[in-house]
Amino acid sequence: MLGLDVKKVDQDIIIKYQLSKIVIPVADIVSVSLDDTYGGKEADAIRIGTPYGTTDRVVIQTKTQNYILFTTNYTQIMNTINSAMEVRYVQQISNKYFKKATDSTLSVAFFYNELYSERLRRNRICIHP
């Protein structure tokens, strides 16, 4: 195994590198971003992968720890983690609106409105009237 292997299993993100295996609960992930520095901006972050020979650094910020993944395939890693976070968010929103709802049509409208605004917020898109 030469590179990083990132997979979503149930409610966890599993990162495998060589003989190590790191399990990060999706509920603990705060944000995922790219880092353009060589060794990463966070001094106390857990570094996974080799910093030489890789072009991209993916930073996973959790509630307790930060992780820097050195990789050449950042799109696959970002897509895996972001899709896991979105699935969890959709589950939270659907539980919030559908359990309390008396009018199902109204709750569906609120659900899609909340989901749309969260996607805009994550993509940092601003809508001005």
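In the hairpin of β1 and β2, two residues sit between the strands, and D10 takes a positive phi near 55° there. The model is a predicted one, in which local features need pLDDT of at least 70, side-chain atom pairs count only at pLDDT 80 or more, and totals for chains, interfaces and linings use all residues. Residues are numbered from 1 along each chain as its sequence is written, and side-chain values use heavy atoms, with hydrogens and water left out.

## The chain as a whole

The chain holds two helices and seven strands. Here helices (H or I, at least four residues) and strands (E, at least two) are DSSP runs, numbered from the N terminus. Read from that end, the order of elements is β-β-β-β-β-β-β-α-α.

Of the 129 residues in the chain, 34% are buried. Buried means under 20% relative accessible area, exposed means over 50%, and partly exposed lies in between (1.4 Å probe, protein chains only). The chain exposes about 8600 Å², and carbon and sulfur atoms supply 53% of that area. Accessible areas come from the Shrake-Rupley method with a 1.4 Å probe; for residues, only the protein chains shown count as cover.

Contacts, meaning heavy atoms within 4.5 Å, also tell us about the fold. Among the contacts in the chain with a separation of 6 or more, 43% are between residues 24 or more positions apart.

## Strands side by side

Strands of a sheet pair through backbone hydrogen bonds, either parallel or antiparallel. Two strands count as paired if DSSP finds at least two bridges between them.

| Strands | Sense | Bridges | One partner pair |
|---|---|---|---|
| β1 (residues 5-9) and β2 | antiparallel | five bridges | V9 and D12 |
| β6 (residues 56-62) and β7 | antiparallel | six bridges | V59 and I68 |

The hairpin of β2 and β3 also has two residues between the strands, and in this one Q18 takes a positive phi near 50°.

## The nonpolar core

A nonpolar core is a set of buried Ala, Val, Leu, Ile, Met, Phe, Trp, Tyr and Cys residues joined through side-chain atoms within 4.5 Å. The largest one has 20 residues, and those with the most contacts inside it are I13, I15, L69 and I81. The elements giving two or more residues to this core are β2, β3, β4, β6, β7 and α1 (74-100). The largest share, five residues, comes from α1.

L69 shows how such a residue is surrounded. Leaving aside neighbours within four places in sequence, L69 is in contact with L4, V6, I15, I48, D56, R57, V58, I60 and I77.

Is N66 buried or exposed? N66 is buried, because its relative accessible area is 15%. This residue lies in strand β7 (residues 66-71). Not counting residues up to four places away in sequence, N66 touches E42, A45, I46, I60 and Q61.

K21, found in strand β3, is exposed because its relative accessible area is 55%. With residues up to four places away in sequence not counted, K21 touches I14, I15 and K16. K21 and D5 are 16 residues apart in sequence, and their C-alpha atoms are 9.5 Å apart in space.

Which residue forms a salt bridge with D5? The partner is K7, with the closest N and O atoms 3.9 Å apart. A salt bridge here is a side-chain nitrogen of Lys or Arg within 4 Å of a carboxyl oxygen of Asp or Glu, and by this rule the count comes to one. K7 is partly exposed, with a relative accessible area of 47%, and D5 is partly exposed as well, at 26%.
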